[in-house]
Amino acid sequence: MEDNHIYQYSLLNALMDGVCETGIPVSKLASKGNQGLGTFARMNGELLFLDGTVYQLQAEGNVRVADETDQIPFAVSTNFVPQQSKGVKLVTKDDIDGALDAFNDHSKNLFMSYRINGHFESVKCRTVRGQEYKGQPLSELGKKQSVENYEDVEGTIIGFRTPKNWQGFGVAGEHLHFIKADRTAGGHVLEVRAEKVEMQMAVASNVHVELPTSDDFNAAKLVTDDDGVKEVEG
Ligand SMILES: [Zn+2]
């Protein structure tokens, strides 16, 4: 992987349609850069990939290091090399957008990746509990997700941002995952607050999308469900 190129497996739209039985193994994702996020087969928890290790962030704040052979039905990753680093104050999650906008004039129409390190006053995270039946859509799972609030924690957020007009395509999306520095908890970030954390950013102009060749993927409607995505991705 070249620096700051994005690799993605499958589409967020396919995940929304519940296409998540199989995918690529953890070992393959681990070869696609140094940071990323996604989910596991049957949407069992959230995935966070950080510096060579793929973590499964599970309900009730449990974390496990994924096995090399675990299946990943959706993931985004990059070989992140920061182009800018600065201290930011986060009052709400929207302040992350503000920092990305201020970074570079081209940020509006290009992909971006980022990493935020430091001490957070609070991070509210969700973790999906996994499908109860094959093909259960993410919008339905969102209603039974586990939500945890971590206060006064050290940790890291990994994130990607897609240009606004691309979002219907289901590439990357407004997506950020958190893991505590001691690797004992984490999840998909719903809200965040921090007095001062270090934010590293990079623009990505190359995106490689690998699509599943499964029957499930071919049967998926892949209709854009903006409201559904907003509801589960926050
Ligand atoms: Zn997520």
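Modeller: Let us begin with R161 and D97, both of which are buried; please keep in mind that this is a predicted model.

Colleague: Why is R161 called buried?

Modeller: The relative accessibility of R161 is 6%, and the word buried applies under 20%, so R161 counts as buried.

Colleague: What makes R161 and D97 a salt bridge?

Modeller: Their side chains meet at 2.7 Å, taken from N to O, and the cut-off for such a pair is 4 Å, so the contact between R161 and D97 qualifies as a salt bridge. Because R161 belongs to strand β11 (residues 146–161) and D97 to helix α3 (residues 94–103), the pair ties together parts that lie 64 residues apart in sequence.

Colleague: How do you know that D101 also forms a salt bridge with R161?

Modeller: The closest N and O atoms of D101 and R161 are 3.0 Å apart, and the limit is again 4 Å, so this pair meets the criterion. Here too distant parts of the chain are linked, with D101 in helix α3 and R161 in strand β11, 60 residues apart.

Colleague: Why is D101 called partly exposed?

Modeller: D101 has a relative accessibility of 46%, and since buried means under 20% and exposed means over 50%, a value in between is called partly exposed.

Colleague: What makes H175, H177 and H188 donors of the zinc ion?

Modeller: Their donor atoms, NE2 of H175, NE2 of H177 and ND1 of H188, lie 1.9 to 2.4 Å from the zinc ion, and because the cut-off for a donor to this metal is 2.8 Å, they count as its protein donors. H177 lies in strand β12 (residues 175–180) and H188 in strand β13 (residues 186–204), so this pair ties together parts 11 residues apart in sequence. Both H177 and H188 are buried.

Key: Residues are numbered from 1 along each chain as its sequence is written. This is a predicted model: local features need pLDDT of at least 70, side-chain atom pairs count only at pLDDT 80 or more; totals for chains, interfaces and linings use all residues. Side-chain values use heavy atoms; hydrogens and water are left out. Donors are N, O and S atoms within 2.8 Å of the metal (3.2 Å for Na, K and Ca); water is not among the atoms, so sites may look incomplete. Helices (H or I, at least four residues) and strands (E, at least two) are DSSP runs, numbered from the N terminus. Buried means under 20% relative accessible area, exposed over 50%, partly exposed in between (1.4 Å probe, protein chains only).
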